Amino acid sequence: MPTALWIAHVEVTDPEAYGKYATLAGPAIAAHGGVFLARGGRYVQLEGKDRPRNVVARFPSLEAGVACYNSAEYQAALAHAKGASIRDLMVLEEAETPA
């Protein structure tokens, strides 16, 4: 089963509230097997809408990423991000690499 990437592009509008989200979201993501690959680091926007915070996490599967998002723990964290950010979020199945 291929792994999946959770990709978020975020514009933070309320840093204090968003900080509460980030504090709670990390453990919720880890509890579902998510591992951060990029979290707010340097980037170059080449096309499309620029959002200054970008996050990529790898999950064991697409289903694990979606289950994380729908979990009570993540939804509790997400309550702090709503109204504190403008976000685009997706979970994308990774291409399998040939052996």
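Student: Before we start, what should I know about the model?
Tutor: It's predicted, so local features need pLDDT of at least 70 and side-chain atom pairs count only at pLDDT 80 or more, while totals for chains, interfaces and linings use all residues. Residues are numbered from 1 along each chain as its sequence is written, and side-chain values use heavy atoms, with hydrogens and water left out.

Student: How far does helix H1 reach from its first C-alpha to its last?
Tutor: Helices (H or I, at least four residues) and strands (E, at least two) are DSSP runs, numbered from the N terminus. H1 covers residues 15-31, which is 17 residues. The expected span is 1.5 Å times one less than the number of residues. That gives an expected 24 Å, and H1 comes close to it, reaching 24 Å.

Student: Where in H1 is the kink?
Tutor: The bend at a residue is the angle between axes fitted to the seven residues ending there and the seven starting there. In H1 that angle is about 25 degrees, shortly before the proline Pro27, at Ala25.

Student: Is Tyr18 buried or exposed?
Tutor: Buried means under 20% relative accessible area, exposed over 50%, and partly exposed in between (1.4 Å probe, protein chains only). Tyr18 has 7% relative accessibility, so Tyr18 counts as buried.

Student: How do the rings of Tyr18 and Tyr21 pair: stacked, edge-to-face or tilted?
Tutor: Rings of Phe, Tyr and Trp (its six-membered ring) pair if their centres lie within 6.5 Å; planes under 30 degrees apart count as stacked, over 60 as edge-to-face and the rest as tilted. By this rule there are six aromatic pairs. For Tyr18 and Tyr21, the centres are 4.9 Å apart with 45 degrees between the planes, making the pair tilted.

Student: Which helix holds both Tyr18 and Tyr21?
Tutor: They sit three residues apart, about one turn of the helix. Both lie in H1.

Student: Which residue of E4 is the bridge partner of Leu5?
Tutor: Two strands pair if DSSP finds at least two bridges between them. E1 and E4 run antiparallel and are joined by nine bridges. In E4, Leu5 has as its bridge partner Leu92.

Student: Which residue lies over the face of Phe36?
Tutor: A charge sits over a ring if NZ of Lys or CZ of Arg is within 6 Å of the ring centre and within 35 degrees of the ring normal. Here the distance from the ring centre is 4.0 Å, and the residue is Arg39.
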